[in-house]
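Subject: Structure handover

Hello,

Here is the structure you asked about. Please open it next to this email and follow along.

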Amino acid sequence: MKGMKDLIDKESRVPIYLQIEELLKQRIYLEEFKIGENIPSERELSEQLNVSRMTVRQSITNLVNNGLLYREKGRGTYVANPKLEQPLNGLTSFTEDMRARGMEPSSKLINFEKIIPPFDIGRELQLEKDEYVFHVIRIRNADLKPMAIERTYIPVKIFPELDEKKIMGSLYALIEARSHQKIGNAIQQMEAAIVSKEDSKYLQISTSQAVLIIKRTSFLTDGVPFELVRSTYRADRYKFISEIKR
C-alpha cells in the first residue's frame with residue numbers, strides 16, 4: 001500500500017470517500033486483498049492515505065453494505081466471498097442451481113414429519129382440511145457452507161413414499177420421476193428481514209444480520225401444487241437478479 005496517498009486527489013470533484021472505495025475495490029478485484037484476508041485497519045488506511053478515519057470508515061461501511069467486505073467484532077475487516085447470483089426468471093431446485101455453478105450442494109435434515117398443515121398452508125396447496133403434508137426443515141449448504149434454511153410442505157398424496165433418505169436429494173427430480181410430469185410454474189414472493197435467533201444459529205450469522213426470505217408455491221404442468229417452501233437465505237452470500245424487457 002506504499003504510495004497510496006498519491007492516488008487520492010483532494011482537488012477532485014469526486015468525494016474522497018468514493019475515491020477510497022474505488023481504490024479498495026481495485027485491490028480486491030486484482031486480488032491484492034484476497035478473499036478471507038483482512039484489509040488494513042481504519043487507522044492504518046487513514047495514515048497511508050493522509051485522510052481522516054471518519055472518511056475511511058464511511059468507505060469501508062459502504063463496501064460492507066455492498067457485500068465486498070465484512071466485519072468481525074474485535075478482529076477487523078475482511079474480504080467477503082462474492083455473492084452468488086440467482087436469476088428470478090427460471091425454476092430450478094437448490095441442488096440443480098448449485099451444481100450448475102460448479103459447487104457441491106449438501107443438506108442437513110433438521111426435521112421430517114407428517115402433519116396436518118396450518119390453514120393457510122393447506123389452502124395454498126389446495127388441500128382438504130384433513131389431508132396431510134410432509135413438513136421438512138433442511139439447512140442447504142454449498143461447498144459445506146450454509147446458504148439457506150428451507151421449511152418445506154409437500155402433500156402426502158403427491159409423494160406418499162417420501163422419506164428422510166429421499167428428501168436429501170433433489171426434490172424436483174424425484175417429483176418429476178414419480179409423477180411423470182414436468183415442473184410447470186411457481187408463484188414466488190420475496191422480502192428482506194432481520195434473521196431470527198433460531199435461524200441465526202443454523203446459518204452461522206449474528207442476530208443483527210439481514211436475510212432474504214423467499215416463499216414459493218410450485219406447480220406441476222397440470223396445475224396441481226406439489227410444494228410450498230419458505231426459504232431464508234444469507235443476504236451476505238446470495239443475491240437475486242432479474243432481466244426486465246419492455
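A residue counts as buried under 20% relative accessible area, as exposed over 50%, and as partly exposed in between. Glu198 has a relative accessible area of 46%, so Glu198 is partly exposed. Keep in mind that this is a predicted model.

**Salt bridges**

The count comes to 14 salt bridges. Start with Glu198. Its partner is Arg151, and the closest N and O atoms are 3.8 Å apart. This pair links distant parts of the chain. Glu198 is in helix H7 (residues 197–203), Arg151 is in strand S6, and 47 residues separate them. Is Arg151 buried or exposed? Arg151 has a relative accessible area of 15%, so Arg151 is buried.

Arg151 also meets the side chain of Asp199 in a salt bridge, at 2.8 Å from N to O. Arg151 lies in strand S6 and Asp199 in helix H7, so this pair ties together parts that are 48 residues apart in sequence. Both Arg151 and Asp199 are buried. There is a network to look at as well: Glu42, Arg53 and Arg57 are joined by salt bridges that share partners.

Next, find Lys215 and Glu124. Their side chains meet in a salt bridge of 2.5 Å, N to O. Lys215 belongs to strand S8 (residues 210–220) and Glu124 to helix H5 (residues 119–124), so the pair ties together parts 91 residues apart in sequence. How accessible are the two partners? Lys215 is at 24% relative accessibility, so it counts as partly exposed. Glu124 is at 27%, so Glu124 counts as partly exposed too.

**Aromatic rings**

The count here is three aromatic pairs. One of them is Tyr70 with Tyr78. The ring centres are 5.6 Å apart and the planes are at 20 degrees, so the pair is stacked. Planes under 30 degrees apart count as stacked. Tyr70 has 30% relative accessibility, so Tyr70 counts as partly exposed. Tyr78 has a relative accessible area of 10%, so Tyr78 is buried.

Phe112 and Phe134 form another stacked pair, 5.3 Å from centre to centre, with 25 degrees between the planes. Phe112 sits in strand S4 (residues 105–115) and Phe134 in strand S5 (residues 133–142). They are 22 residues apart, and the pair links distant parts of the chain. Phe134 is at 5% relative accessibility, so Phe134 counts as buried.

The charged end of Lys114 sits over the ring of Tyr132, 5.8 Å from the ring centre.

**The largest pocket**

How much space lies in the largest pocket? About 770 Å³. Its lining has 26 residues, and the closest to the centre are Leu69, Tyr70, Gln209, Arg234 and Asp236.

Which elements give two or more residues to the lining? They are helix H3 (53–65), strand S1 (69–72) and strand S6 (145–155). S1 gives the largest share, four residues. By class, the lining has 11 nonpolar, eight polar and seven charged residues.

Best wishes

Terms used:
Residues are numbered from 1 along each chain as its sequence is written. This is a predicted model: local features need pLDDT of at least 70, side-chain atom pairs count only at pLDDT 80 or more; totals for chains, interfaces and linings use all residues. Side-chain values use heavy atoms; hydrogens and water are left out. On a 1 Å grid over the protein atoms alone, a cavity is a set of points where a 1.4 Å probe fits but cannot get out, and a pocket is an open set with protein on both sides within 12 Å along at least five of seven lines; lining residues have an atom within 4 Å of a point. Grid points are joined across faces, edges and corners, and a volume is the space filled by probe spheres set on the points. Ala, Val, Leu, Ile, Met, Phe, Trp, Tyr, Cys and Pro count as nonpolar, Asp, Glu, Lys and Arg as charged, and the others, Gly among them, as polar. Rings of Phe, Tyr and Trp (its six-membered ring) pair if their centres lie within 6.5 Å; planes under 30 degrees apart count as stacked, over 60 as edge-to-face and the rest as tilted. Buried means under 20% relative accessible area, exposed over 50%, partly exposed in between (1.4 Å probe, protein chains only). A charge sits over a ring if NZ of Lys or CZ of Arg is within 6 Å of the ring centre and within 35 degrees of the ring normal. A salt bridge is a side-chain nitrogen of Lys or Arg within 4 Å of a carboxyl oxygen of Asp or Glu.
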